[in-house]
Amino acid sequence: MAKQTKRTSTRKTASKKKPVAKKGAPDQNVVPDSLSFSQEFDTYPAGKYTHKKLGLSEDQVIGMYRNMLLQRRFEERAAQMYGKQKIAGFLHLYIGQEAISTGTATAMEIGKDSLITAYRDHGHALALGMSANEGMAEMFGKVGGCSKGKGGSMHFFDKENRMFGGHGIVGAHVPVGVGIAFGHKYKEDDGVAIAFYGDGAAGQGAIHEAANLMSIYDLPAILVVENNQYAMGTAVHRAFGQVEFSHWAASYDVRGSVADGMDVFSVVKAMQDAIASAREFKPTMMEIRTYRYRGHSMSDPQKYRTKEELDSKKNEDPIIRLKAYLLENKITDEKTLDAIDDDVKEEVMASVEFAENSPAPDLDAIYDDVYDSREYPFLS
Amino acid sequence: MAVLQYREALRAAMTEEMERDDRVFLMGEEVAEYNGAYKVSEGMLEQFGPKRVIDTPISENGFCGLGVGAAMNGLRPIIEFMTFNFSFVAIDQIINNAAKIRYMSGGQFDVPIVFRGANGAAGQLAATHNTSTESIYSTIPGLKVIAPSNPDDAKGLLKSAIRDNNPVIFLESEVMFGMKGEVSDAEDYLIPIGKARIAKEGTDVTIVAHSKSYHIAMRVAERLENDGYSAEVIDPRTIRPLDIDTIVESIKKTNRCVIIDESNPYASISSEITFQIQDRAFDFLDAPIKRITAKDVPAPYAKNLIEYYMPQEEDAYQACLSVMYAK
């Protein structure tokens, strides 16, 4: 833990002693002369952590760089394929936010811990280990896709790596994430569930209910708001009274933290601490501050922000930042990084070829996977 | 055969399935310490403990979503709605998540979950507490919808629902919870989902009715019997998938059909059954199909109005005479 959370809440003390007020009036029905509340939150600023401090090997850090680059190149290519109409529907790019997915995956025990996110889901899937082939083919609507072409860009699922989706309804997957954590606790398998959502989703009632449930059931859950500053075109200050999202944790009596999403090491550390806490059934509400370089989706003219703002944020690019770290610390050299770049480009190009060549689903497959059996008497 | 109340039959089904399978748990408002708002889960907390019989705050959207996530992660939740009127706060979890995640994930994730609780009208509760939800949920591919009319079906179908690997909407009734009936003693009593029950055989008219309306149908059939007419009564039991074959076979024999359906009439279960009958058995019909439903309005409060709102036995009786051209 970076820092133990300290609380000085009278209500907290009372509730710990009496978890359920069974009979009679609980203490808080009596109004005291004064009432104050304070809580400290764990913060994970950029530039504070080194890979050594986090227990990461040089190879791991190079692997993280490669993974972030893979997400970036994969999405750049996806955007191009969208322009060529190879990909249809909605396409929401994660470009600029890759330190979050990679940093989280680095801190997780993949195969044991679980992750669920919203529709900006390519980065999380690739970070957990989904192949570029499966991802690209899914967006092409082909049978080689992770969801056999049934889900598209917004619905990447990968059961093997415990990636529980890719969800299209804003905020609706967050209670589901809490339920995955409930499953971990019920099965006593030591797993943790991490649910990501955007700042826009924080306005949904589902977030409130999910946070409250994970608190009262002491679930191994982490709710993470990826604050990229805009819900489509609505800046956070236009949508929320309390824009310090970590402070929301106080209302649910859970641990709150905030990390800089432009520094992958900040994310790793924030997640390591939150995961360790969750394994002891102490949930966290975390804010990760980040920035989305591209529009909300491919049809976004981005009139809600200035070019200057965008340019200034691009100077904080998490991939450029990690590249500089690798070079400054002599973990690797330009030549090796160039080779990684070529390798990633090749992997992404191969995924496009794979997606092109993967067959479209048979029409009859429209009836597959609605129910667990094809015996169901569908109407025609 | 043991005589059980409807609520006791439901409890027996849940208890047996929880004894059989550790992955099954019950969650909902007041299910544990209060022993169930309608006493369906009475004694279950004591038997299974707080890990498996779990009280929730009033957060239907939250705990239904929690159930979906738990189901995706290998558990088999039973989520109780105090009544299905409150399921509308959670309808996003049911329609967008429970029903669709298997499909959207290309079959990677099962969502074996039962959403159960009281459905339909229950007296002078006014419009928000009297909704029949079967047509709303039955229109959604990915869901199964069950609405048993008696304790025996309630037990056998709830056990099947809990074992089913798909999300199931299980519709009970406040006014039937105290109804007594004989329930099979058979060990592991399972009634297959999607099979109708021919409650009474007959030759002159087919009456199709589920849940509470089934009991109207049986009274009407008895009156017709006294008049010298032989009505066949079919309880579909499962609304989705509908056992249309059994209904069509009956109509091939009787050539006439009356549907009693407590839903509001527009785009209702009776609409769907009527379409499927004309699609499959048009040439066998000797009269237009008639239906008796709730009125096409929100449920009112006043005693005389809510009584008038509900499907009327007399109307159903007259409809049967009418399709037989007996008046």
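1. Helices α8 and α12 of chain B are oblique to each other, a word used for angles that are not under 35 degrees (roughly parallel), over 145 (roughly antiparallel) or 65 to 115 (roughly perpendicular). In this predicted model, α8(B) (residues 211-227) and α12(B) (residues 313-323) pack at an angle of about 50°, and their axes are 9 Å apart. Axes are lines fitted to C-alpha atoms, for helices over the stretch in contact, and angles run from 0 to 180 degrees between N-to-C directions. Helices (H or I, at least four residues) and strands (E, at least two) are DSSP runs, numbered from the N terminus.

2. The contact between these helices involves B:I216, B:R219, B:V220, B:R223 and B:L224 of α8(B), together with B:E313, B:A316, B:Y317 and B:C320 of α12(B). Two residues are in contact if their C-beta atoms, placed from the backbone, lie within 7 Å. By class, the residues are six nonpolar, no polar and three charged. Here Ala, Val, Leu, Ile, Met, Phe, Trp, Tyr, Cys and Pro count as nonpolar, Asp, Glu, Lys and Arg as charged, and the others, Gly among them, as polar.

3. Chain A meets chain B through 38 residues of chain A and 34 residues of chain B. On the side of chain A, α6 (173-187) and α7 (205-216) each supply at least two residues. The largest share, eleven residues, comes from α6(A).

4. Chain B contains twelve helices and 14 strands. Of its 327 residues, 58% count as buried, meaning that 20 or more other C-beta atoms lie within 10 Å of the residue's own; a residue is exposed with 12 or fewer, and partly exposed in between.

5. Two residues deserve a look for their backbone angles. Most residues other than glycine have a negative phi, and most peptide bonds are trans. A:M232, however, has a positive phi of about 50°; A:M232 lies in the loop between β5 (230-231) and β6 (234-235) of chain A and is exposed, with 12 other C-beta atoms within 10 Å. B:R237 has a positive phi near 65°, and with 27 C-beta neighbours inside 10 Å it counts as buried.

6. A cis peptide bond joins B:R240 and B:P241, with omega about 0°. B:P241 is placed in the loop between β12 (238-240) and α9 (244-254) of chain B.

7. On conventions, residues are numbered from 1 along each chain as its sequence is written, while chains are lettered from A and ligands numbered from 1 in the order in which they are written. In this predicted model, local features need pLDDT of at least 70 and side-chain atom pairs count only at pLDDT 80 or more, whereas totals for chains, interfaces and linings use all residues.
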